[in-house]
Amino acid sequence: MTGTREGAGSISWSRRGLMARVLALTGLCAGQASAQDVPVLIEMRKFAFVPAEIAIRAGATVTFVNLDLVPHTASATNDSFDTGTLRRNERKAVSFPAPGAFSYVCRFHPHMTGVVRVT
Ligand SMILES: [Cu+2]
């Protein structure tokens, strides 16, 4: 009988431990979400987007900066965003309020492609 009670007690404690871990994970996720508020940078460099693929949280902002001598754009293939023409050292911030996968290209150099994955 005593052994049964100890067993029940141990299940209860492990459940509490699980809840504590769930709460800790929730807190961790919230911390990551606020870290995403820091603008993410995508460089246009040597006729490529660097990094070409990124994953961010909904509501985060991505800043495109052109480090090449020639103009570039970052233009969504679904027309959801477009930086317009960026000349050397110009930058443009784009916010992504909704989840989805947003593919984009440079209008001047269609081989320049990238994707922003928003969760
Ligand atoms: Cu370009």
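**Loops and core of a predicted model**

Trainee: Is Pro 99 buried, partly exposed or exposed?
Mentor: Buried needs 20 or more other C-beta atoms within 10 Å, and exposed needs 12 or fewer. Pro 99 has 13 C-beta neighbours inside 10 Å, so Pro 99 counts as partly exposed.

Trainee: Leaving aside neighbours within four places in sequence, which residues is Pro 99 in contact with?
Mentor: The test is C-beta atoms within 7 Å. With neighbours within four places in sequence left aside, Pro 99 is in contact with Ala 58, Val 118 and Thr 119.

Trainee: How far apart in space are Pro 99 and Arg 117, C-alpha to C-alpha?
Mentor: In sequence they are 18 residues apart. In space, the C-alpha to C-alpha separation of Pro 99 and Arg 117 is 7.5 Å.

Trainee: Which element gives the largest share of the largest nonpolar core?
Mentor: That core has 15 residues. Phe 49, Val 62, Phe 64, Ala 74 and Phe 96 have the most contacts inside it. Strands E1 (40-44), E4 (60-66), E6 and E7 each give two or more residues to this core. The largest share, three residues, comes from E4.

Trainee: Leaving aside neighbours within four places in sequence, which residues is Ala 74 in contact with?
Mentor: Ala 74 is among the core residues with the most contacts inside the core. Setting aside neighbours within four places in sequence, its contacts are Phe 49, Phe 64, Thr 83, Tyr 104 and Cys 106.

Trainee: Is the peptide bond from Val 50 to Pro 51 cis or trans?
Mentor: Pro 51 is in the loop between strand E2 (49-50) and strand E3 (53-56). Omega for the bond from Val 50 to Pro 51 is near -5°. That peptide bond is cis.

Trainee: Is Phe 47 buried, partly exposed or exposed?
Mentor: Phe 47 is in the loop between E1 and E2. Its phi is positive, about 60°, although Phe 47 is not a glycine. Within 10 Å there are 13 other C-beta atoms, so Phe 47 is partly exposed.

Trainee: And Asp 79: buried, partly exposed or exposed?
Mentor: Asp 79 lies in the loop between strand E5 (75-76) and E6. Its phi is near 65°, a positive value in a residue other than glycine. Asp 79 has 7 C-beta neighbours inside 10 Å, so Asp 79 counts as exposed.

Notes:
Residues numbered from 1 in each chain as written. Predicted model: local features only at pLDDT ≥ 70, side-chain atom pairs only at ≥ 80, totals over all residues. Contact = placed C-beta atoms within 7 Å. Core = buried A, V, L, I, M, F, W, Y, C linked by C-beta atoms within 7 Å. Helix = DSSP H or I, 4+ residues; strand = E, 2+ residues; numbered from the N terminus.
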